[in-house]
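Dear colleague,

I am passing on the structure that follows, together with notes on what was found in it. Please read the notes with the structure open beside them.

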Amino acid sequence: MDIGKLNRRVEILRFFKDRDEYGGEVGEWRAVAKVWAAITPVSGTEQMFAQQVTAEAVVKITIRYLPWLDVMHRIRYGEKLYEIIGAMDADTSHTKTILNCKEMVSDELQRKAEESQNDDRRRQCACKRP
């Protein structure tokens, strides 16, 4: 493994459950480690489903070997958040972990896409109503 290619600082997040003052369960994602990684785009798709645009970007993240890392964790790089789809020990040599990840799109981005579509529809209709 060429460690010079690990040029992105990422955070590994884990979901922790706590109890609130009423005994209910609340949870949050907390950083458990910061590691160097290489991020390589694999594919991206955009689909229209039920009158909504859904986008998906798949990336491959390579880090040094971490035996405890699995699909129950998430990766944060800057403002981007990645859900781990699969984690594998490359060549079973315990030198690097390859993560197949899907970028998580926030609701705000989804709303902006819908608003831009609605604006386009309004511009197309130049009809005058009485």
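**Thr-97 and its surroundings**

The side chain of Thr-97 comes within reach of the backbone nitrogen of Leu-66, at 3.2 Å, which is a polar contact (a pair of N or O atoms within 3.5 Å; within protein, one must be able to donate a hydrogen and the other to accept it, and residues adjacent in sequence count only if both atoms are side-chain atoms). Please bear in mind that this is a predicted model, in which local features need pLDDT of at least 70 and side-chain atom pairs count only at pLDDT 80 or more, while totals for chains, interfaces and linings use all residues. Residues are numbered from 1 along each chain as its sequence is written, and side-chain values use heavy atoms, with hydrogens and water left out.

Thr-97 belongs to strand 6, where strands (E, at least two residues) are DSSP runs numbered from the N terminus. With a relative accessible area of 3%, Thr-97 is buried; buried means under 20% relative accessible area, exposed over 50%, and partly exposed in between (1.4 Å probe, protein chains only). Apart from neighbours within four places in sequence, the residues in contact with Thr-97 include Ile-61, Ile-63, Leu-66 and Met-88, contact being heavy atoms within 4.5 Å.

**The barrel**

How many strands close into a barrel, and in what order? There are 6 strands, in the order 1-2-3-6-5-4, and their pairing is antiparallel; two strands pair if DSSP finds at least two bridges between them. Strand 3 and strand 6 are joined by 7 bridges, and Arg-64 stands opposite Lys-96 in strand 6. Strand 1 pairs with strand 4 over 4 bridges, in the antiparallel sense, with Leu-13 opposite Arg-74 in strand 4. Strand 4 also pairs with strand 5, again antiparallel and over 4 bridges, and here Ile-75 faces Tyr-82 in strand 5 as its opposite residue.

Leaving aside neighbours within four places in sequence, Ile-12 is in contact with residues including Val-32, Ile-63, Leu-69 and Ile-75.

**Salt bridges**

In the whole structure 6 salt bridges were found, a salt bridge being a side-chain nitrogen of Lys or Arg within 4 Å of a carboxyl oxygen of Asp or Glu. One of them links Glu-11 and Arg-76 at 2.8 Å, N to O. Glu-11 lies in strand 1 (residues 8–19) and Arg-76 in strand 4 (residues 73–77), so this pair ties together parts that are 65 residues apart in sequence. Glu-11 is buried at 19% relative accessible area, whereas Arg-76, at 31%, is partly exposed.

Glu-25 forms a salt bridge with Lys-17 (3.9 Å, N to O), and both of these residues are exposed. Glu-25 also meets Arg-19 in a salt bridge (3.7 Å, N to O), and Arg-19 is likewise exposed. Through shared partners, Lys-17, Arg-19 and Glu-25 are joined into one network.
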